[in-house]
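Please look through the sequence and the model shown below before reading on.

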Amino acid sequence: MGKPLFYEILEKPATSCVIGLCCAIWFFIQKKGIGYSHVGLSYDAAVEGHYWRIITSAFSHISILHLVFNMSALWSLGVVEQLGLMGLGVAYYLEYTLVLVILSGVLVLGIYHVLIHRFKFEHFRRVTAVGYSCVVFGWMTILAVKQPSSKLDLFGFLSLPISFAPFESLIFTSIIVPQASFLGHLSGIIVGYAVAWGVIHGMNSYWAVSMLGWVVVVFIYSLKRSGAYDLNFLEIESVTDPSLPSLRFVTTGNGRTLQMTALPVGGVELV
């Protein structure tokens, strides 16, 4: 018989907080009727200055099955918090979760840029990605290198050897869920190996807090600059960009009507 859930939560405080945050955001999204286009990350949105979507896309889920799958895998990967004697632990988990969120999102955009401008795959301009899978695949990879004897438990009954879990899960989700973002998951694996092999290293509390501070600054700045929300306390000089939707008043017989040109709608990918 396993430990009571309360004790497992105490042993995985950071994982529990992330799961709670993702569930709360999912509930808010459902209550407010928010869709992929409001919080997801796409190349066109990033080019237009919506850098804040790197954060919102990572913690947002639209489908309940998508949320359950990601959180189930993340709960199993929370064992990282219990491996302090191996140089991992809670602080390591928090510091490199921040790295995985940011770098996997940036890497996805970089891959899209190459596919669009080098290989002329224009479809990737408007592909919109949401979900925490980039981070989940990153932690799978790190644990596969650091603790290859571990197991990844999904839904309480499916157990995979962690050493093969990243690529098994990559293939499995691509087959079972056609909308799953292969590139998003692959980006998480790449960043995970970079962390596990020491290519990305040296994170500590000071650098993590500094990085988080810059993330908050860029998040707020891009949120205001993109016009997604009206942040009255922050004033930024507006710049006219012909690639952005235009807003204008049209005089009709009944008065003035507000019209806005819409952006083209693209595909959706789950990460």
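**From a loop residue to the interior**

Lys-120 is found in the loop between H7 and S1, where helices (H or I, at least four residues) and strands (E, at least two) are DSSP runs numbered from the N terminus. This is a predicted model, in which local features need pLDDT of at least 70 and side-chain atom pairs count only at pLDDT 80 or more, while totals for chains, interfaces and linings use all residues. Residues are numbered from 1 along each chain as its sequence is written, and side-chain values use heavy atoms, with hydrogens and water left out.

Most residues other than glycine have a negative phi. Lys-120, although it is not a glycine, has a positive phi of about 65 degrees. Lys-120 counts as exposed, because its relative accessibility is 58%; on this scale, with a 1.4 Å probe and protein chains only, buried means under 20% relative accessible area, exposed over 50%, and partly exposed in between.

In the protein, which has 271 residues, 44% are buried, and the secondary structure comes to eleven helices and six strands. Among contacts (heavy atoms within 4.5 Å) between residues at least 6 apart in sequence, 71% join residues at least 24 apart. Ala-45, in helix H4 (residues 43-47), is buried, with a relative accessible area of 9%. The C-alpha atoms of Ala-45 and Thr-128 are separated by 9.0 Å, although these residues are 83 apart along the chain. Leaving aside neighbours within four places in sequence, Ala-45 is in contact with His-50 and Arg-53.

Next comes a pair of helices. H2 and helix H6 (residues 64-77) pack at an angle of about 175 degrees with their axes 10 Å apart, the axes being lines fitted to C-alpha atoms over the stretch in contact, and angles running from 0 to 180 degrees between N-to-C directions. The two helices, H2 and H6, are therefore roughly antiparallel to each other, since angles under 35 degrees count as roughly parallel, over 145 as roughly antiparallel, 65 to 115 as roughly perpendicular and the rest as oblique. Among the residues that make the contact are Ile-19 and Trp-26 of H2 and Leu-67 and Trp-75 of H6. By class, the contact of H2 with H6 has ten nonpolar, two polar and no charged residues, where Ala, Val, Leu, Ile, Met, Phe, Trp, Tyr, Cys and Pro count as nonpolar, Asp, Glu, Lys and Arg as charged, and the others, Gly among them, as polar.

On a 1 Å grid over the protein atoms alone, a cavity is a set of points where a 1.4 Å probe fits but cannot get out, a pocket is an open set with protein on both sides within 12 Å along at least five of seven lines, and lining residues have an atom within 4 Å of a point. Grid points are joined across faces, edges and corners, and a volume is the space filled by probe spheres set on the points.

The second largest pocket holds about 740 Å³ of space, and 26 residues line this pocket, with Leu-21, Ile-55, Phe-59, Val-101 and Leu-212 nearest its centre. H11 gives the largest share of that lining, seven residues, and the lining divides into 21 nonpolar, four polar and one charged residues.

The structure holds one cavity of 30 Å³ or more, and about 120 Å³ of space lies in the largest cavity. Of its 14 lining residues, Leu-41, Ser-57, Gly-105, Cys-134 and Val-271 are the closest to its centre. H7 supplies the largest share of this lining, four residues.
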